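Please look over the model below before reading the numbered points.

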Amino acid sequence: MQLASRTRWVRRLLLSAAIVAVLVGAYAVAGFVGVPRWLRSGLQNYVATHYHRSLALGEIHFNPFTLALDVRDISFPDADSSPMLGAGEFLVQLRFASVWRRGPSFAQIVLARPFARVVVRPDGSLNLADLAKPFASAGPPTPPPKSSAPIRLFIDRLAVSDGRATYEDRSRATPFQAELQPINFDLRDFSTVGTAANEYALDFATPLGEHFHWSGTLGVGPLASRGEFEISALQARTLWRFLASALHFEVASGVIGLSGDYEFSAATPVSLRIDVHELTVSDLGVKPLGAPSDYVDLKRLEVRDTQVDLARHSVAVGPVRLTGGTLRAWINPGGTLNFSELVATSQTSGGSGEPAATVPRSPPAAPWSLAAPDIEIAGLQLAAEDREVSPAATLSLDDLALRVEGFRSPGDATLAISTGARVNGSGRLDATATYALGSATGTAHAHIALHDFDLTALQPYVAQRSALRLVSGQLATELDIDRGADGGLTVTGDTEVAKLRTVDEQLRQDFVKWDRLALEAMRYRSRPAAFSIRRILVVGPYARVIVAANRTVNIAEALAPASSRGRAATPSAATGPAPAAAPTAAPAAAPAAMSISIGKVQVVNGSAHYTDLWIQPNFSLAIQGLAGSVVGLSSNPHSRAKVDLQGKVDRYAPISVSGEINPLAAIAYSDMKMSFQGVQLTTATPYSARFAGYKIEKGTMSANITYHLENGELSADPHFVVDQLQLGDRVESPDAVKLPLKLAVALLKDRNGVIDLDLPLSGSLNDPKFKVGPLIWKVLVNVLAKAATAPFALLGRLVGGGEQMKFIDFDAGSSTLDAAAQQRLADLAKALHDRPNLKLDVPSAYAPDLDRPALVRQLLEQKLADESEREVASGKAPPGGAKPNLADPATRFRLLLAEYRSELGAKAPLPADAAAAAKAKGRRKATAPIGPAITALQAALAGRIEIADADLQLLGRRRARAIQDALLKGSELDPARLFLLNTAATAPAGQRVRFELGLE
């Protein structure tokens, strides 16, 4: 019985073992064989049914005892049959602890050699989106379940090893491709419950050597993570290639490094804090698309200890250091900056005209704060060009250093900025500034110092606007700039330009230069507007004024823009009538005038050179040693600046300018005196030859010119003194005045060889026809013309007597000077004595119609006198022995009757009236009129007297001698200065004979 019982137990045990063996065998067969087959067919059928693609699977192994599934060589194709997703091996090992842990518990999940091919197709669709197509028709999505505890999940190890991913974007004009390899990820001890470490690590790299590392911990309920990240050797061009379609520039080179840690929590509110320990960018090159060279080339940029806090809306940037690099900037001919080529210009399409839908406003988010308290740039180079001018203007800043401290926004902060650089190789720029960010208007203070800046760098601008060449010049300035809380600006400082030299490129000669120009203690204030300079000091200034052969002046030509150089000053009449002027708007209120004051302008050793190449031969004049000052210049209309300048003309002739001026006032004021002494006139020979027709052999000129300008009215009193002027040979010139200038000079000279002229003038500067220079020349020409054409009028004004001094009148037939003529000749002798260069022409003239009858009468009277003498001698005279009285009618009749019978004979018939008178005289009681008898006898005798031309000429010479005697008697005149002219007949002047003296 015991045996039977034992047998039954053994049988049952064997049966149970057999059943267990069968079940275990079936389980093993199902696991080892069935599961791989079922999994292969199920996956391939599903992919074929829903994706119409062929899923490639290699070996599939499942160990039902260790719950480990191993799938090899997985490949899921893309629509073009190329691989899209795959892996070399997929290993999943589930633990039996999942039963009592009440959730999946994996010993390991390993994906070895996975690959993913991500493609953005030309139409913009993503190839990975195909994976969701089977689920698109599954009906409307169910609403998400209410929040509950997360699923219980346990993973001892989740790993991705030696992964590879490629990305290709075919929607761009230039397709983008990128590859990541190897990709490694490792997650250990992950659990959605409890306090597991949940540590993970992700690493991937690219064929270019770029490497990404991300490690940390991951928590759920709520989702949270913290960890570290590091990017090394990231090529900046890789990022650019990814973003190129949205960018308008090209990153040519650059390597980026980044390391830091983070902390994230999905709890409400979501928080994210990122600490960037170090960000480095090396050898970054940026340029426009297709450009041959980089616009930006940065050697090394370092940013350390930067914190970004999402919850606090804050970014705190640690020290920023940029070391080395080059920025290449230029302005294109169109006025655009080359850096604008790096920015894509957006095209705003026209709207449909319909009003935009109203979008409800969300509550404003809290503002972000940004702090970057320490930014420093060192060793940077800026190469700038202005290509709007030709040749291009260049500016280079070498070893540029910039430091910005204290930046924080928003909030009250004071920004401190300091910078320094070498400018164009020789200059030095240093500047410091502080700026109050928190103030309403931004108060600021800056100090700028520029030294040894070579002004020749500005030559392209000078050449564009003038015909000058800057040969040399050094600029130095130190300025303090302050901006107050009220917005007012104040600028103070000093400026100096040393060794400036400019050359007129057309004439190839110096134009303006100086040794030193200093503006000391400048001050500008914007509210109210005011500008002042304590002193302007100019040492060794020089200017050249040249009148070219075509009469253009170098100043106007040199300072004219290149486009207008050589054009006529006035438009041609052929241009037609000007268009009608457009209506003008009412003028706006003029801003308050700026107050200007200059304490002192001091000139040391100035000089100037004037050359006239139009005149032939050329004329030159130089001023040297100009020194002095102008004190008290101001725009205050009541101010008066004191002028005191001295110099020399042509090295030896002193010149001085003194007086009071106010050129800065709205209405100019001047009360000036200019004088120069002993200027050699031989230098003016080119002008005298052309405009006067004579060379100048000798002479000096001195002048004292005073003028007063007030309220636009000018009154001037130029006083010129010319000493020992001597005209030389005559020169034929079409421009010469047609005047006997030698006579004018002789008239104007006194006995000491001095010409003393006052040329007063006055007028209004508001009259556009009033020109001081031409007016002085006109007055001078008028003086010379009057001297040459009316010399005696000039002498008459000088010594008295007027224009009538040149006339000497004689009675008919007489050579005797009356008292008036003698006084006139005495005055003339005095005038000639004071002007030793004058010579006098004295004519010997007669008037036949007056002098011939007068001489006949004189001869007849002489004959009567002779007859009376004969009567006395012969005793025939009346008793008493007295000389007969020719005025007595009876006596005169008797003498005429005796002379008549003596000449014609005793029996000659008498004129009727004379015969009647003679017959009556013989009768004692008879009477007859005696007057007609006298007249008849005188006529008969006069008719017998002949006056020859020689007698008239002799009378003329006697008259000339009388004038000569009157001039020389009692005077010191040299007889050689008087010239007696040949006798000539002249017309009578009334009842007298007039002599007109001549000067030469």
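1. Which residues make the nonpolar surface patch of about 1,000 Å²? In this predicted model, where local features need pLDDT of at least 70, side-chain atom pairs pLDDT 80 or more, and totals for chains, interfaces and linings use all residues, the patch consists of Val20, Val24, Tyr27, Val29, Phe32, Val33, Phe65, Phe96, Val99 and Trp100. Residues are numbered from 1 along each chain as its sequence is written, and side-chain values use heavy atoms, with hydrogens and water left out. Patch residues have over 30% relative accessible area and no salt bridge, and nonpolar side chains are joined within 5 Å; a salt bridge is a Lys or Arg side-chain nitrogen within 4 Å of a carboxyl oxygen of Asp or Glu. Areas are from the Shrake-Rupley method with a 1.4 Å probe.

2. Helix H1 (2–51) and helix H2 (98–101) each give two or more residues to the patch, and H1 has the largest share, six residues. Helices are DSSP runs of H or I of at least four residues, and strands are runs of E of at least two. Phe65 belongs to the loop between strand S1 (60–63) and strand S2 (68–77). Because its relative accessibility is 41%, Phe65 counts as partly exposed (buried is under 20%, exposed over 50%, partly exposed in between).

3. The second largest pocket has a volume of about 480 Å³. Of its 23 lining residues, Ala178, Leu180, Phe204, Thr206 and Thr238 are the closest to its centre. A pocket is an open set of points on a 1 Å grid where a 1.4 Å probe fits, with protein on both sides within 12 Å along at least five of seven lines; lining residues have an atom within 4 Å of a point. Strand S7 (176–191) is among the elements that give two or more residues to the lining, and S7 gives the most, five. The lining divides into 15 nonpolar, five polar and three charged residues.

4. Where are the cis peptide bonds from Ser390 to Pro391 and between Arg527 and Pro528? Pro391 is in the loop between strands S16 (369–386) and S17 (393–409), and omega is near -5°. Pro528 sits in the loop between S23 and strand S24 (529–539), with omega about -15°.

5. Asp283, in strand S12 (271–288), has a positive phi near 50°. Asp283 counts as partly exposed because its relative accessibility is 41%. His313 also has phi near 50°, but His313 is buried, with a relative accessible area of 18%.

Note on methods
Points joined across faces, edges and corners; volume = space filled by probe spheres on them. Nonpolar A, V, L, I, M, F, W, Y, C, P; charged D, E, K, R; others polar. Patch = residues over 30% accessible without salt bridge, like charges linked within 9 Å, V, L, I, M, F, W, Y side chains within 5 Å. Buried < 20%, exposed > 50% of the residue type's maximum accessible area, 1.4 Å probe, protein only.
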